[in-house]
Amino acid sequence: MKTRNMAAVDLGASSGRVLLIRFDGRVLSLEEMYRFPNRPVMVHGHRFWNILSLWDDTLTGLRKAHQRAGTLDSIGVDTWGVDYGLVDTNGCLLGQPFHYRDQRTDGVMEQVFSCIPREVLYQRTGIQLLPFNTLFQLYVHQQMQPGELDHAYRMLLIPDLLHSWLCGALTTERTNATTTQCWDPLAGAWASDLLDQVEIPTSMLPPVVEAGTVLGEVLPEWRGELGAPHVVAPATHDTGSAIVAMPADSAGGWGYISSGTWSLVGVELRQPVMTESALAANCTNEGGVFGTTRFLKNVMGLWLLQECQRNWQRDGHTTDYGTLLADVVAVRPFAALIDPDDPCFLAPQDMPAAINSFLVEHGQAPLSAPAAFARCIMESLVLRYCEVFQQMKGVDRGSHQGSPCAGWWSTQRLAQPVVGQRAHATGGPGRSE
């Protein structure tokens, strides 16, 4: 068969990359064309994504891929979940997308729970209750900027926004829609009645498509630079794309850690698990490719180390991963441990100071050497991963779980889990994530 050339745009919370993928019918090859940083910006005390810079870098990478391949057959974009942009009928952005770590959602969950009990919200959506979920962002958006949601034609998640700029489509892909806490996985539709209860407009919710859907050809304005490839929706949530690529069968008995700015720790199932024990463990049910469910928990992930590195760089001490990994061998194992998921680590101004405050508060000595921070973070993450797998073993399957994956809970193999590791430059919440 003729070799197909595909461009994959993979945007994570700390960096992005454009890959050229070739498939000749037998062999699939990947080549990185362009990598670039993702640097959020602060304006008037709020944290935003610099979406126009990301768009410009995306185009740069796509141009390089087209130049290298000669012809592109298709383009697809994945990113972290939950964040969105509002567009008008022409697909023009109405405002800069907020960053999920922005403090505008502090305390908002309890306000929503006064309208929709947390148990009801979980039973309908199956999504881990975290303050940055799209539902809570939309709720506070309506409070901060009254009427703006009503005037929006579509709410597009970040990969959908980039797809729309490439080909004009105003849709969302299901794996990412499930991260919003606005989606009912059992009904396979937006949970419009829940949004009505908190007075969030639903007319802006876009049509939902499955991974693999052809969204259209690139717009005429890009054809001189990119040719005429089709834009195809992958699993637009980066973890959805990572997990579908796992070299593991669906028979159960295995788990995964998708390691990026966030760590996504979980298993793949045929149906969601939305029982009381799943809520108590604060597990999430995100959509997977081919109708699967990614049953997982968000763990704070490499954000802890990335923020330490940014802090050290501001102080004039650049410490790359290679240097840190070479130096950690000299640090005593398990000398200091933190809870990676403590809320104090979500968006501190000074991550090393936040870690030391946690250590002192819990009767441990503060750290000073970068390698000591790195070892503390890595060992704490490993222990948290083990804890999450143990929690998942104890979750009651309830009536929602189908028999095809029932063996996962009966097996004891996850006491020493067969973990498929997927380390990539992405990672966003639920969600990287």
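Start with the second largest pocket. Strands S1 (4-11), S2 (15-23), S3 and S6 (74-78) and helix H10 (238-244) each put at least two residues into its lining. Helices (H or I, at least four residues) and strands (E, at least two) are DSSP runs, numbered from the N terminus. S1 gives the most, with 6 residues.

A caveat on the source. This is a predicted model, where local features need pLDDT of at least 70, side-chain atom pairs count only at pLDDT 80 or more, and totals for chains, interfaces and linings use all residues. Residues are numbered from 1 along each chain as its sequence is written, and side-chain values use heavy atoms, without hydrogens and water.

Now, what is a pocket here? On a 1 Å grid over the protein atoms alone, a pocket is an open set of points where a 1.4 Å probe fits, with protein on both sides within 12 Å along at least five of seven lines; lining residues have an atom within 4 Å of a point.

Back to the second largest pocket. It holds about 900 Å³ of space. It is lined by 32 residues, with Ala-8, Ile-21, Pro-234, Ser-241 and Val-244 closest to its centre.

Next, the largest pocket. Its volume is about 1,100 Å³. That volume is the space filled by probe spheres set on the points, which are joined across faces, edges and corners. The lining has 37 residues; Ser-14, Asn-38, Gln-306, Glu-307 and Arg-310 lie nearest the centre. Which element supplies the largest share of this lining? H12, with 7 residues.
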